[in-house]
Each structure stands twice: as structure tokens, then as C-alpha cells.
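Please have the sequence and the picture open while I talk.

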Amino acid sequence: MNNPQLDQIFGALSDATRRGILMQLSQGETNITTLAAPYQMSQPAISKHIRILENAGLIRRAKRGREYIIQAAPEAAEQARDWIDYYAQFWREQFDDIEAYLKQTGELK
């Protein structure tokens, strides 16, 4: 399965800072300065994290007055969840089949 959008989503989620930003945004929209506050990094570094999240579709940015307001965009995260759910179910079924086989052969009691 080749899905570049899903690759971007998982790539964005692979970084602890970006996951932290998403956690902050789960409490509601905010500005970049507030998002940057918990992290000891430069404004360009935070901006890079914001761009990665935005390119993955995990956040939206809107200009209000002189500042940008950032909000979570859950639709992209739902794609990742759907992918994980599909494979979790697949592996559960595989392990259930193995367990049934082992019980049938008497190798598992």
C-alpha cells in the first residue's frame, strides 16, 4: 500500500515535539508563541515543526490580525487510526488462528 499522505502523517507523528504540539492543540486552538512556550528551541525550529504538521494535514493555520492561529485537523489522524485499526485486527485474527491450530493439535492446552 503506497500512500504518501499516510507516510507524511506517520513521519510527523514520529517526533516527540510534534506530538506535544498536537497534545496542546487537543485543548483548543492557539497561537505559535503559546505552542512554542514549553520547548527550548528557536522560533525557526518551532516553525519547521508547524510546517511538517501542516504538510501532513494534522493542523490548520489561519491568520487573524497579525498572528497565526493554529488548530488541530483530526481528519488526517483518523487516516492513521484507520490504518492501525486495520492491521491490529489483521494480527489479532492471525494470532487467534495460530492459537486455534495449537489447541487443535494439542500443542496448547
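A quick word on ground rules. This is a predicted model, where local features need pLDDT of at least 70 and side-chain atom pairs count only at pLDDT 80 or more, while totals for chains, interfaces and linings use all residues. Residues are numbered from 1 along each chain as its sequence is written, and side-chain values use heavy atoms, with hydrogens and water left out.

Okay, let's start with α5. When I say helix, I mean a DSSP run of H or I with at least four residues, and a strand is a run of E with at least two, both numbered from the N terminus. Helix α5 covers residues 74-105. How far does α5 reach from its first C-alpha to its last? With 32 residues, α5 spans 46 Å, close to the 46 Å expected at 1.5 Å a residue. That expected span is 1.5 Å times one less than the number of residues. Following α5 you find G106, with a positive phi near 85°.

Now zoom in on A80, which sits in α5. Is A80 buried or exposed? A80 has a relative accessible area of 4%, so it is buried. The cut-offs here are under 20% for buried, over 50% for exposed, and partly exposed in between, using a 1.4 Å probe and protein chains only. Setting aside neighbours within four places in sequence, A80 is in contact with L6, I9 and F10; contact means heavy atoms within 4.5 Å. Another pair to look up is A80 and L13: they are 67 residues apart in sequence, but their C-alphas are 9.8 Å apart in space.

That brings us to the first helix pair. Two packed helices are described by the angle between their axes and the distance between the axes. Helix α1 (residues 4-13) and α5 have axes that come within 10 Å and cross at roughly 100°. The axes are lines fitted to C-alpha atoms, for helices over the stretch in contact, and the angles run from 0 to 180 degrees between N-to-C directions. So α1 and α5 are roughly perpendicular to each other. For the names: under 35 degrees is roughly parallel, over 145 roughly antiparallel, 65 to 115 roughly perpendicular, and the rest oblique.

Who meets whom? From α1 we have Q5, L6, I9 and F10, and from α5 we have A76, Q79, A80, W83 and I84. Sorted by class, the contact of α1 with α5 has 7 nonpolar, 2 polar and no charged residues. In that sorting, Ala, Val, Leu, Ile, Met, Phe, Trp, Tyr, Cys and Pro are nonpolar, Asp, Glu, Lys and Arg are charged, and the others, Gly among them, are polar.

On the α2 side the contact uses T17, R18, I21 and L22, and on the α4 side H49, I50, I52 and L53. These residues divide into 5 nonpolar, 2 polar and 1 charged.

H49 is buried, at 13% relative accessible area. Apart from neighbours within four places, H49 is in contact with D15, T17, R18, I21 and M41. I50 is buried too, with a relative accessible area of 1%. Again leaving out neighbours within four places, I50 is in contact with I21, L35, I59, R61 and I70.

Last topic: salt bridges. How many does a search of the whole structure find? It finds 6, where a salt bridge is a side-chain nitrogen of Lys or Arg within 4 Å of a carboxyl oxygen of Asp or Glu.

One of them joins E29 and R64, with the closest N and O atoms 2.8 Å apart. This pair links distant parts of the chain: E29 is in the loop between α2 (16-25) and β1 (30-31), and R64 is in strand β2 (residues 59-64), 35 residues apart. E29 is partly exposed at 38% relative accessibility, and R64 is partly exposed at 46%.

Another one is E75 with R60, at 2.7 Å from N to O. Since E75 lies in α5 and R60 in β2, the pair ties together parts 15 residues apart in sequence.

Finally, R81 and D82 meet in a salt bridge at 3.1 Å, N to O. Salt bridges that share partners join R81, D82 and D85 into one network.
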